[in-house]
Amino acid sequence: MLAATLSGCGYNDLQRADEQVKAGWSEVLNQYQRRADLIPNLVNTVKGYASHEQETLTAVVNARAQATGINATPELVNDPEAFAKFDAAQQQLTSALSRLMVVVERYPDLKANENFRDLQAQLEGTENRITVARNRYIKSVQDYNVIVRSFPSNLTAKAFGYPVKANFSVANESAISTPPTVDFGGNKPAGAR
């Protein structure tokens with residue numbers, strides 16, 4: 001009777017889903033660390049070509065320091081406030097890297113540099129891996145949260161202290177829901193109507 005009761009309580013499903021969330025989170029952290037490890041080499045390569053772009057280089061270095069300065073433990077996913085700080089730091093680093101890539105466009109010699117191209121390709125690949133890892137994490141959190149909120153496993157989750165886990169979100173949803181403005185008016189070639 002006890003075995004039948006325990007098998008229907010969802011405890012094993014909670015354990016399985018919790019482990020999937022932890023594994024997904026570890027993969028996200030692994031990819032963020034890979035990106036953080038590539039940044040010093042990228043900055044040093046750019047520094048040799050664009051030394052007067054110090055403000056952009058400093059912003060990238062500072063954003064990296066802030067992103068890697070957050071102690072990202074598996075327990076971070078259970079603390080929505082700490083999770084939001086971590087996500088904000090990663091978004092700031094992504095933004096700083098985007099500004100760095102804009103700066104690079106002004107330096108054809110740098111874009112032709114083999115080391116820079118290799119680092120840029122590695123960074124682009126890492127950004128793709130981050131996206132995949134975040135998507136897997138989002139899915140595992142969704143599966144976990146469904147179990148935590150569904151009856152009768154929600155009773156077991158409350159009894160054993162399994163709260164709903166935080167997930168990635170967009171900082172400014174209204175900004176991304178507005179389509180970008182494209183204006184080709186100022187760039188007409190001579191003779192165009």
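Student: Which residues does L29 touch, not counting residues up to four places away in sequence?

Tutor: In this predicted model, L29 touches A72 and F86. A contact here means heavy atoms within 4.5 Å. L29 itself lies in helix 2.

Student: How far apart are L29 and A72 in sequence and in space?

Tutor: L29 and A72 are 43 residues apart in sequence, while their C-alpha atoms are 7.5 Å apart in space.

Student: How many helices and strands does the protein have?

Tutor: There are 8 helices and 0 strands. Along the sequence the pattern reads α-α-α-α-α-α-α-α. Of the 193 residues, 34% count as buried. Among contacts between residues at least 6 apart in sequence, 77% join residues at least 24 apart.

Student: How many aromatic pairs are counted?

Tutor: The count comes to 9 aromatic pairs. One of them is formed by W25 and F86, with 5.2 Å centre to centre and 65 degrees between the planes.

Student: What makes W25 and F86 a pair, and why is it called stacked, tilted or edge-to-face?

Tutor: Ring centres must lie within 6.5 Å to pair, and those of W25 and F86 are 5.2 Å apart. Planes over 60 degrees apart count as edge-to-face; the planes here are at 65 degrees, so the W25 and F86 pair is edge-to-face.

Student: Which parts does this pair tie together?

Tutor: W25 belongs to helix 2 (residues 11-49) and F86 to helix 4 (residues 80-104), so the pair ties together parts 61 residues apart in sequence.

Student: How do you know whether W25 and F86 are buried or exposed?

Tutor: The cut-off for buried is under 20% relative accessible area. W25 has 1% and F86 has 3%, so both W25 and F86 count as buried.

Student: What kind of aromatic pair do Y32 and F86 form?

Tutor: Y32 and F86 also form an edge-to-face pair, at 5.6 Å centre to centre and 70 degrees between the planes. This pair links distant parts of the chain, with Y32 in helix 2 and F86 in helix 4, 54 residues apart. Y32 has 6% relative accessibility, so Y32 counts as buried.

Student: Which residues form one aromatic cluster?

Tutor: The cluster consists of W25, Y32, F83, F86, Y137 and F168.

Student: What makes R134 a charge over the ring of F168?

Tutor: For Arg, CZ has to be within 6 Å of the ring centre and within 35 degrees of the ring normal. R134 lies over the face of F168 at 3.8 Å from the ring centre. In another case, the charged end of K165 sits over the ring of Y144, 4.8 Å from its centre.

Student: Why is K22 called partly exposed?

Tutor: K22, in helix 2, has a relative accessible area of 35%. K22 and V141 are 119 residues apart in sequence and 9.3 Å apart in space, C-alpha to C-alpha.

Student: How do you know whether R35 is buried or exposed?

Tutor: R35, also found in helix 2, has a relative accessible area of 0%. That is under 20%, so R35 is buried. Leaving aside neighbours within four places in sequence, R35 is in contact with Q90, L93, T94, L97, L123, T126, E127 and I130.

How values were computed:
Residues are numbered from 1 along each chain as its sequence is written. This is a predicted model: local features need pLDDT of at least 70, side-chain atom pairs count only at pLDDT 80 or more; totals for chains, interfaces and linings use all residues. Side-chain values use heavy atoms; hydrogens and water are left out. Rings of Phe, Tyr and Trp (its six-membered ring) pair if their centres lie within 6.5 Å; planes under 30 degrees apart count as stacked, over 60 as edge-to-face and the rest as tilted. Helices (H or I, at least four residues) and strands (E, at least two) are DSSP runs, numbered from the N terminus. Buried means under 20% relative accessible area, exposed over 50%, partly exposed in between (1.4 Å probe, protein chains only).
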